[in-house]
Amino acid sequence: MAQEQSTSTTTTVPDLNSPPFSRLFVLCGKQVTVGALEKFFSPYGTVEQCHIVYDQSTGQSKGIGFVKFQKTSQAARALKEADGKHIEPELKPIKVEIASSTIESKPLDCLRLKVKCAAELDADAVKAEFGKISAVNSVQLVPDKKSPGNNVAYLTFESFLDAALAFETAKPEHKAKFAKIKPRKVSLESVQPQEARSFFRPVTRRRSSTLLPPTKLTVLCSSTLTQNQIWRLSKSCFRSDISLV
């Protein structure tokens, strides 16, 4: 069992999920206190709440903290600049990650925004508009099913901080929000059958007398996974070629 000790800069309890991605998970070491954690992260923005998780049975810190910022961009900047730094010179460097949402059933993508735009705007025009603020990698336009005659644009940004700044500075009519992670289909195709191995003679290898036909496996996975990452996950189970579709 674990309990949390916290400090808050507001009189009311802040919404931990609003705005999205404004809460960070910090591996900070057992010697770090709530006050030290808040002092360290305050230069990056308005800290609404800090938590240190303690073991209920021993009363000792688990070396885990949570920091809630007022803005998403503040959390993004803290993630970019504070990860790997030292809260105290004699302590180990901290590890900073985005904290998981406590309400989202489908995870959001911190690099992608979903915005509404007029039908006359093409992908280049949308990219140029948001490119004034942040580095945009790509734009995908699809018809807006809820508002015929308009489009929905999915923008992929260079970094979490770029996406956060665009999210906060987008015009009200864009109704910008972080997009949900879109699963990608991955085709795993066997290139050769597994060699049969004798149970009683583990050193001796024999080829199977019957060659198995190539097999395909379709996997739905996060759009953030690369082909190499998926290959590393699968190679321990079978020999395969992987193609993203």
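The questions below concern a predicted model.

Q: What is the volume of the largest pocket?
A: The model is predicted, and the volume is computed from its atoms. For the largest pocket, the volume is about 450 Å³.

Q: Which elements give two or more residues to the lining of the largest pocket?
A: The lining of the largest pocket comprises 19 residues. Those that lie nearest its centre are Phe-21, Ile-98, Ala-99, Ser-100 and Ser-101. The elements that contribute two or more lining residues are β5 (95–98) and β6 (108–118).

Q: Where is the proline that is joined to Ser-18 by a cis peptide bond?
A: The residue joined to Ser-18 by the cis bond is Pro-19, and omega is about -5°. Pro-19 is placed in the loop between β1 (2–8) and β2 (23–27).

Q: Is Phe-21 buried or exposed?
A: Phe-21 is found in the loop between β1 and β2, and has a positive phi of about 60° although it is not a glycine. Its relative accessibility is 15%. Buried means under 20%, so Phe-21 counts as buried.

Q: Is Lys-175 buried or exposed?
A: Lys-175 lies in the loop between α4 (160–169) and β9 (177–180). Although Lys-175 is not a glycine, its phi is positive, at about 50°. The relative accessible area of Lys-175 is 57%. The cut-off for exposed is over 50%, so Lys-175 is exposed.

Q: How many of the eleven residues of α2 are buried?
A: Helix α2 spans residues 72–82 and is mostly covered. Its buried residues are Thr-72, Ser-73, Gln-74, Ala-75, Ala-76, Ala-78, Leu-79 and Ala-82. The number buried is therefore eight.

Q: What covers the buried residues of α2?
A: The residues concerned include Thr-72 and Ala-82. The covering elements include two helices, α1 (34–41) and α4, together with the strands β2, β4 (61–69), β5 and β9.

Methods:
Residues are numbered from 1 along each chain as its sequence is written. This is a predicted model: local features need pLDDT of at least 70, side-chain atom pairs count only at pLDDT 80 or more; totals for chains, interfaces and linings use all residues. Side-chain values use heavy atoms; hydrogens and water are left out. On a 1 Å grid over the protein atoms alone, a cavity is a set of points where a 1.4 Å probe fits but cannot get out, and a pocket is an open set with protein on both sides within 12 Å along at least five of seven lines; lining residues have an atom within 4 Å of a point. Grid points are joined across faces, edges and corners, and a volume is the space filled by probe spheres set on the points. Helices (H or I, at least four residues) and strands (E, at least two) are DSSP runs, numbered from the N terminus. Buried means under 20% relative accessible area, exposed over 50%, partly exposed in between (1.4 Å probe, protein chains only). Contact means heavy atoms within 4.5 Å.
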